[in-house]
Amino acid sequence: MHKIKRDDLVKVIAGKDKDKQGKVLLVDTKNNKIVVEGVNMITKHVKPGAGNPQGGIVQKEAALDISNVMLVVDGKATRVGFEVKDGKKVRVAKSTGKVID
């Protein structure tokens with residue numbers, strides 16, 4: 001179980017997009033990378049192909065390190081911990097003690 005999951009709302013705490021918020025689109029646990037909607041945008045030159053017959057220049061999100069984001073709970077960025085409740089391991093917001101899932 002990981003502290004950040006897909007579809008979580010996160011806040012960027014370091015880098016060029018500091019203080020931006022967005023929804024998690026992809027989590028790569030092997031490389032500790034994360035892709036957040038509307039954050040860390042890059043310009044990519046795309047060749048014409050089946051998916052994009054025109055080709056051209058495309059704006060897309062690039063991966064950033066998972067350590068550069070914090071989970072947002074009740075509008076505030078918070079640390080995440082784990083507790084065992086009713087025999088299950090659950091994510092808990094450290095600031096409020098609230099169960100996240």
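Me: Which residues is Ile 34 in contact with, leaving aside its neighbours within four places in sequence?

Reply: Ile 34 is in contact with Ile 4, Val 24, Leu 26, Val 27, Ala 62, Ala 63, Leu 64, Asp 65, Ile 66 and Val 69, leaving aside neighbours within four places in sequence. Contact means heavy atoms within 4.5 Å. This is a predicted model, in which local features need pLDDT of at least 70 and side-chain atom pairs count only at pLDDT 80 or more, while totals for chains, interfaces and linings use all residues. Residues are numbered from 1 along each chain as its sequence is written, and side-chain values use heavy atoms, with hydrogens and water left out.

Me: Is Ile 34 buried or exposed, and how do you know?

Reply: Buried means under 20% relative accessible area, exposed means over 50%, and partly exposed lies in between (1.4 Å probe, protein chains only). Ile 34 has 0% relative accessibility, so Ile 34 counts as buried.

Me: Where is Ile 34 found?

Reply: Ile 34 is found in strand 3. Strands are DSSP runs of E with at least two residues, helices are runs of H or I with at least four, and both are numbered from the N terminus. Strand 3 covers residues 33-36 and pairs with strand 2 in the antiparallel sense over four bridges. Two strands pair if DSSP finds at least two bridges between them, so four bridges are enough. Asp 28 stands opposite Lys 33 in strand 3.

Me: What is the order of the six strands in the open sheet?

Reply: The order is 6-3-2-1-7-8, and the pairing is antiparallel. Strand 6 (64-65) and strand 8 are the edge strands, since each pairs on one side only. Strands of a sheet pair through backbone hydrogen bonds, either parallel or antiparallel.

Me: What makes the largest nonpolar core, and how many residues has it?

Reply: A nonpolar core is a set of buried Ala, Val, Leu, Ile, Met, Phe, Trp, Tyr and Cys residues joined through side-chain atoms within 4.5 Å. The largest one has 13 residues, and those with the most contacts inside it are Ile 4, Val 10, Ile 34, Val 36, Leu 64, Val 69 and Leu 71. Strand 1, strand 3 and strand 7 (69-73) each give two or more residues to this core. Strand 7 supplies the largest share, three residues.

Me: Why is the pair Arg 91 and Asp 8 called a salt bridge?

Reply: A salt bridge is a side-chain nitrogen of Lys or Arg within 4 Å of a carboxyl oxygen of Asp or Glu. For Arg 91 and Asp 8 the N to O distance is 2.8 Å, so the pair meets the limit. The two residues are 83 residues apart, with Arg 91 in strand 10 (residues 88-93) and Asp 8 in the segment before strand 1. Arg 91 counts as buried because its relative accessibility is 2%, and Asp 8 is buried at 11%.

Me: How many salt bridges does the structure hold?

Reply: It holds five. One of them joins Lys 23 and Asp 7 at 3.8 Å, N to O. That pair is 16 residues apart, with Lys 23 in strand 2 (residues 21-28) and Asp 7 before strand 1 (9-12). Lys 23 is partly exposed at 36%, and so is Asp 7 at 47%. Lys 20 forms a salt bridge with Asp 17, the closest N and O atoms being 3.3 Å apart. Lys 20 is partly exposed at 38%, whereas Asp 17 is buried at 11%.

Me: Why is the link between the side chains of Thr 78 and Ser 95 called a polar contact?

Reply: A polar contact is a pair of N or O atoms within 3.5 Å; within protein, one must be able to donate a hydrogen and the other to accept it, and residues adjacent in sequence count only if both atoms are side-chain atoms. The contact between Thr 78 and Ser 95 is 3.0 Å, so the distance falls inside the cut-off. Thr 78 lies in strand 8 (residues 76-78) and is buried, because its relative accessible area is 4%.

Me: What lies between strand 9 and strand 10?

Reply: Two residues lie between them in a hairpin, and Asp 86 in the turn has a positive phi of about 55 degrees. Six bridges join strand 9 (residues 80-85) to strand 10, and the two run antiparallel. Lys 89 in strand 10 is the bridge partner of Val 84.
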